[in-house]
Amino acid sequence: MNPTRTDRPLALLLTAIALTVYVLTLTPSLSYLSPDGSELATIPAVLGLAHSPGYPLYTWMGFLFSKIPIGDVAHRINLMSAVLGALGVGGLYLIITQLLPGTLPIPWRRAIAALCALLFAFSLTFWSQALIAEVYAPNIALVALTLLALLRWERTRRAWDFFLFALLFALSLGTHLSDLGFAPAFTLFTLLTLIEQKAIRPDGAARRELSALTKSLLVIGAVGALGFALGVAQFAWLPLRAGTLNDRFMLRNAPTDLKGLYRYTLGAFPQFKFAFPIQALPDRLVIYLYLLRQQFGFPGIALGIPGLFSLLFRRPRHFHLLAGMYLVHVWFFIQYRAFDLEVFFIPAHFLWAIFIAFGLYELLSGLHTLGRLLAARSGFSLPRAVTALAVPLLLPTLSLIPLSANWSHNDLSQDVAVNDFYANVWELLPPDAALVTPGGVFGYDAFYWQIIYGTRSDVLLPTLPGPDPSPDALAGRKVYATIRAVRGNRGPGALPPDLLRQDLWAVPVLVGEQPEASSGRRGTLVLYRMTPEPPDLLVRDPRPQIPLNVDFGSMRLIGADLSQRSVESGAAVEITFYWQVERIAPLRVEVRLGERVLEQHEVGLGLLQRYAKEIGLSPGDVVREQYSLVIPSTMKAGAQVLSIQAVGLRGERGASADVAQIEITNETGTMERWLQIAGK
Amino acid sequence: MAANRWKVILLASGGVILLGMLLVASFSLGVYVGEHGWTREGLNYQAGPPPSGRPPQGGGPPPPPGGSAGGPGGLPPGRPDVIGRIRQMSDTILELGTPEGPRTVLLTEGTRFVDEQRTPLQREDLHAGDVIAVFGRFVAGDGGELQAEVIVKLTPR
């Protein structure tokens, strides 16, 4: 079906709806939830080279978005994900309306397409990726555009349209290289389209038809190859910018020659691919089905299965296209070993939304037919206005179900932890300090500030220029770190083993917010002071400003100090807790401000075990914990109670104590404060 | 005639594909149900009851189960990076079922294993089905991997 004049504005409307939701829930700047998002927020702005496979098109699009005068650079890159993700949603609508057969009234078909596009827009995983600096949402826009271009060529059969399709397909590799897996399905569809076109002609012209078919194949092949080559030429970016790499792993596979280019792109991360033995595949497939259920629920799976059958019988060629894309994608990624596996199935979920549309189509066709039969037999029929309008208007409202179900999980508008933390890091570090961070991709939380804004250029970030800084670079500087030097740490971001002595004490001096919903995405934000001298943990004559005397079981909280009782949101308050040891046993506590949990730690801040072993600890000793705690910039102004509570690793609650009331002020806006500290 | 033949070929091949998909999915589900029953045990792990208000001031926390043979402290600041049930394990990799779904954790020579009292354990003390809390850091990769610094074996409920 040709896209009509009504379909394009409707697609734009759906894009606008999705974009509105994404903007309302958008991450303000650097994302706590995306470990490598800070790199993807930084690299495009400076036209650098991202981690494998390089993402050239993403980088260029990000460069353009980084020029929009809204917020900071990271915010603009997040916005790119939202905009392109929303465009992908509009594209999905157009694809479905073009594929659905014409036996149902047009408004009903549009309603089905709108519902399925919105179900995908508000699905758990895709929505979460449309809010951060990541490649998955932009990739969906490219996949949608590629499919639309292919469908357009199918209608027009013009060589130029096939060139455009091939170009878009090749460009989509610059947002995610796994799109290359769609090539067999695209090739098959192209052949089927050309062959079928010839197959309907009279048998008597067989020999001429074969010659015409061969000619068509050659023309399409040449045109497609040209378009594809032009799109793939984007990867010339890799050797051009290889000199900007600072990640050990990426440097090892630097794309400076053909072999390096292969290892940086198609050959990247071999340890992740086909990482499971065949006997594990049933298990992996069940994991995929579980993830599919997370997106669309059991109704989505129940509709998608008959939808596949419907697609086969009503659009056989398109079945082979879409099912082919889907199967290759699922087959590859169920064998892929990655921490956050769910994001890799987003294109498969995109395709499943199309299958759901066909399932819905069959359901509504059946109801439509049943309604007409009943009307014919009984003589009663619903008013035309009801059938013509009610279904099309009500059906898309079913998308409110995933919208409300996933809102709290995907509302990242309060995700300020990384920026708040680093804003305080730059304020706390003394002049000419050294800040040791993870190298490469995971160092960009800190690198972002110096690269984009030149923040605290006096502070040395030894892992910024390259992965193997010399220990001599740290000489004469006070050394701080956001990473603990742990024996045996390996991997590209690991520190050189001789950079920091293994016997240094890593004393936490600043602790950032640890959002509760972040488990499993990123490590804790802690600034350590690295010192050869043991910290003064034991206090002989404690005199806390705030006496408390609360029994926490193995320890008694005898009091606390606060550096200030009034603090601007986004700033830090220095806290000291005094614990009397009653029994040698671990005690885990959680610090809250009002109802908001700020952080969790084990009393002693990870140092007590070593302290007890090397210096000594006895019942009756008083342990002092002193550190600065970041107050989130999204805290509302007013009085809040700072409290502390014993908590188990699984979240079990124990004793608690209200420490003090703190007055939160909001004189400076969040983004304004960050930009001020950045130096802009 | 040619068109009909062509359509039959497409339908037949598509039917084979669909039947294959359904068979493979059913088989996989059957294997899973055979191992875990009609539960999500093999896929995710629920960490525990959500916090419901705060208890009154004072009062000790639940005493740690068993004797406390280990010393205090030792865990890095912050929440565990992931809590989950071990689904599969090898010398260098643990695959966990977590509330967010399956997660992969890397083990290194520096990974420490402790129990809830912080008594040191060995890697061999971990088994499939154990619930663990992992403190670590992410290393680069397309999707990243969590490299474990400390693994705490949690007491079964």
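Modeller: A residue is called buried when its relative accessible area is under 20%, exposed when over 50%, and partly exposed in between (1.4 Å probe, protein chains only). This is a predicted model, in which local features need pLDDT of at least 70, side-chain atom pairs count only at pLDDT 80 or more, and totals for chains, interfaces and linings use all residues. Residues are numbered from 1 along each chain as its sequence is written, chains are lettered from A and ligands numbered from 1 in the order in which they are written, and side-chain values use heavy atoms, with hydrogens and water left out.

Biologist: Why is B:I83 called buried?

Modeller: Its relative accessibility is 10%, which is under the limit of 20%, so the residue is classed as buried. B:I83 belongs to strand β1 (residues 82-89) of chain B, and its C-alpha atom is 5.7 Å from that of B:I132, although 49 residues separate the two along the chain.

Biologist: What makes up chain B, in helices and strands?

Modeller: Chain B has 1 helix and 7 strands, where helices are DSSP runs of H or I with at least four residues and strands are runs of E with at least two, numbered from the N terminus. Along the sequence they follow the pattern α-β-β-β-β-β-β-β. Of the 157 residues of chain B, 50% count as buried, and among contacts with a separation of 6 or more (contact means heavy atoms within 4.5 Å), 58% come from residues 24 or more positions apart.

Biologist: In chain A, why are α7(A) and α15(A) called roughly antiparallel?

Modeller: Helix α7 (residues 136-156) and helix α15 (residues 316-333) of chain A pack at about 160°, with their axes 13 Å apart; axes are lines fitted to C-alpha atoms, for helices over the stretch in contact, and angles run from 0 to 180 degrees between N-to-C directions. Angles under 35 degrees count as roughly parallel, over 145 as roughly antiparallel, 65 to 115 as roughly perpendicular and the rest as oblique, and α7(A) and α15(A) are therefore roughly antiparallel. The contact joins A:L147, A:L150, A:L151 and A:E154 of α7(A) to A:R317, A:H318, A:L321, A:L322 and A:M325 of α15(A). By class, the contact has 6 nonpolar, 1 polar and 2 charged residues.

Biologist: What makes α7(A) oblique to α16(A)?

Modeller: With helix α16 (residues 346-378) of chain A, α7(A) packs at an angle of about 45°, the axes being 10 Å apart, and that angle makes α7(A) oblique to α16(A). On the α7(A) side the contact is formed by A:Y136, A:N139, A:I140, A:V143, A:A144 and A:L147, and on the α16(A) side by A:I346, A:P347, A:F350 and A:L351. By class, this contact has 9 nonpolar, 1 polar and no charged residues.

Biologist: What makes a set of residues a nonpolar core, and how many residues has the largest one?

Modeller: The members must be buried Ala, Val, Leu, Ile, Met, Phe, Trp, Tyr or Cys residues, joined through side-chain atoms within 4.5 Å. The largest such core has 175 residues, and those with the most contacts inside it are A:Y22, A:I112, A:L322, A:Y326, A:F350, A:W426 and A:L435. Helix α4 (residues 73-99) of chain A gives the largest share of this core, 15 residues. A:L322 touches A:L99, A:L147, A:L311, A:L351, A:I354 and A:F355, when residues up to four places away in sequence are not counted. Apart from this core lies another, of 44 residues, among them A:L537, A:L562, A:V567 and A:L617.

Biologist: Is A:S310 buried or partly exposed, and how do you know?

Modeller: A:S310, in helix α14 of chain A, has a relative accessible area of 5%, and on that value it is buried. Leaving aside neighbours within four places in sequence, A:S310 is in contact with A:R315, A:F358 and A:E362.

Biologist: Why is A:F274 called partly exposed, and why is A:D432 called partly exposed?

Modeller: A:F274 has 43% relative accessibility and so counts as partly exposed, and A:D432, at 44%, is likewise partly exposed. A:F274 lies in the loop between α13 (258-264) and α14 (281-314) of chain A, with phi near 45°, a positive value in a residue other than glycine. A:D432 lies in the loop between α19 (417-428) and β1 (434-436) of chain A, and its phi, near 60°, is also positive in a residue other than glycine.

Biologist: What makes the peptide bond from A:S52 to A:P53 cis?

Modeller: Its omega is near 0°, and A:P53 is found in the loop between α2 (37-42) and α3 (56-65) of chain A.

Terms used: Nonpolar A, V, L, I, M, F, W, Y, C, P; charged D, E, K, R; others polar.
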